[in-house]
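Please read them with the structure open.

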Amino acid sequence: MTSPSDDALALADEMRPVLQRLYRRFRREKEDMDLGISPIQRLLLATIAEKPGLGVGELAKHERLRGPTISGHVKSLEAAGFITRLALDPVDRRRSSLFLTDKSRDLLEEVRKRRRDWLAGQIDRLTPQGRDAIRAALAPLDEIGQ
């Protein structure tokens, strides 16, 4: 891999703190909500929403966390009614697939709605040129995030 250009390094230095502030603001928004689950558990629910039927080991690998750490959270989420486990493999009944419940879908929708509403309020304060700049940046930012 070649070294990044000076222009790319300078832009990264400018962009990183901006993205960190935005990320922290989203985290505060989540933390302000009394949802009854931890941020890591919300992350796990979001991952299961993206990949229904994921196993516990696959979830741990995806989130780069240890199996025992994930197992504890999965047990808590299941006990609280946020996820269900189904043994779908007739050959290996030990492997269970994780699925969201309606309760967790409602919770994730509430989080998304609150984030969207806050962000829309901030975007409303921008000039039309500011909105156009954000629109133009979305595709390249999405490409970076892939």
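**Notes on the predicted model**

1. **A136.** At 55% relative accessibility, A136 counts as exposed, because the cut-off for exposed is over 50%. The residue sits in helix α6. Its C-alpha atom is 15 Å from that of L126. Along the chain, A136 and L126 are 10 residues apart. Please bear in mind that this is a predicted model.

2. **Overall fold.** The protein chain holds six helices and two strands. Their order along the sequence is α-α-α-α-β-β-α-α. The radius of gyration is 19 Å, whereas the globule rule gives 15 Å for 146 residues. The chain is therefore more spread out than a compact globule. Along the principal axes, the C-alpha atoms fill a box of roughly 55 × 40 × 20 Å.

3. What share of the 146 residues is buried? Buried residues make up 23% of the protein chain. Among contacts with a separation of 6 or more, 53% are between residues 24 or more positions apart.

4. A8 is found in helix α1. This residue counts as partly exposed, because its relative accessibility is 36% and that class runs between 20% and 50%. A8 and S76 lie 43 Å apart, C-alpha to C-alpha. In sequence, 68 residues separate A8 and S76.

5. **The largest pocket.** This pocket holds about 1100 Å³ of space. It is lined by 33 residues, and those closest to its centre are L19, L22, Y23, F26 and L119. Two or more lining residues come from each of α1 (6-32), α2 (39-50), α3 (56-63), α5 (102-124) and α6 (128-145). Which element gives the largest share of the lining? That is α1, with 11 residues.

6. Sorted by class, the lining of the largest pocket has 21 nonpolar residues.

7. **The largest nonpolar core.** In soluble globular proteins, nonpolar side chains tend to be buried together. Here the largest nonpolar core has 19 residues. L45, L59 and I83 touch the most other members. At least two core residues come from each of α2, α3, α4 (67-79), β2 (97-100) and α5.

8. **L45.** What does L45 touch, leaving aside neighbours within four places in sequence? Its contacts are I37, L77, F82, I83, L100, S104, L107 and L108. I83 is also one of the residues that touch the most other members of the core.

9. **Q41.** Q41 has its place in helix α2. At 10% relative accessibility, Q41 is buried, because buried means under 20%. Beyond its neighbours within four places in sequence, Q41 is in contact with H73, S76 and L77. L77 is in contact with L45 as well.

10. **T47.** T47 also lies in helix α2. With a relative accessible area of 3%, T47 is buried. Residues up to four places away in sequence aside, T47 touches L54, L59, H62 and E63. One of these contacts, L59, is among the residues that touch the most other core members.

11. **R64.** Where does R64 lie? R64 is in the loop between α3 and α4. Its phi is near 55°, a positive value in a residue other than glycine. Most residues other than glycine have a negative phi, and most peptide bonds are trans. At 76% relative accessibility, R64 counts as exposed, because that value is over 50%. Please check the backbone of R64 by eye, given its positive phi.

Technical notes:
Residues numbered from 1 in each chain as written. Predicted model: local features only at pLDDT ≥ 70, side-chain atom pairs only at ≥ 80, totals over all residues. Heavy atoms only, no water. 1 Å grid on protein atoms, 1.4 Å probe; cavity = no way out; pocket = protein on both sides within 12 Å on 5 of 7 lines; lining within 4 Å. Points joined across faces, edges and corners; volume = space filled by probe spheres on them. Helix = DSSP H or I, 4+ residues; strand = E, 2+ residues; numbered from the N terminus. Nonpolar A, V, L, I, M, F, W, Y, C, P; charged D, E, K, R; others polar. Core = buried A, V, L, I, M, F, W, Y, C linked by side-chain atoms within 4.5 Å. Buried < 20%, exposed > 50% of the residue type's maximum accessible area, 1.4 Å probe, protein only. Contact = heavy atoms within 4.5 Å. Rg over C-alpha atoms; globule rule 2.2 N^0.38 Å.
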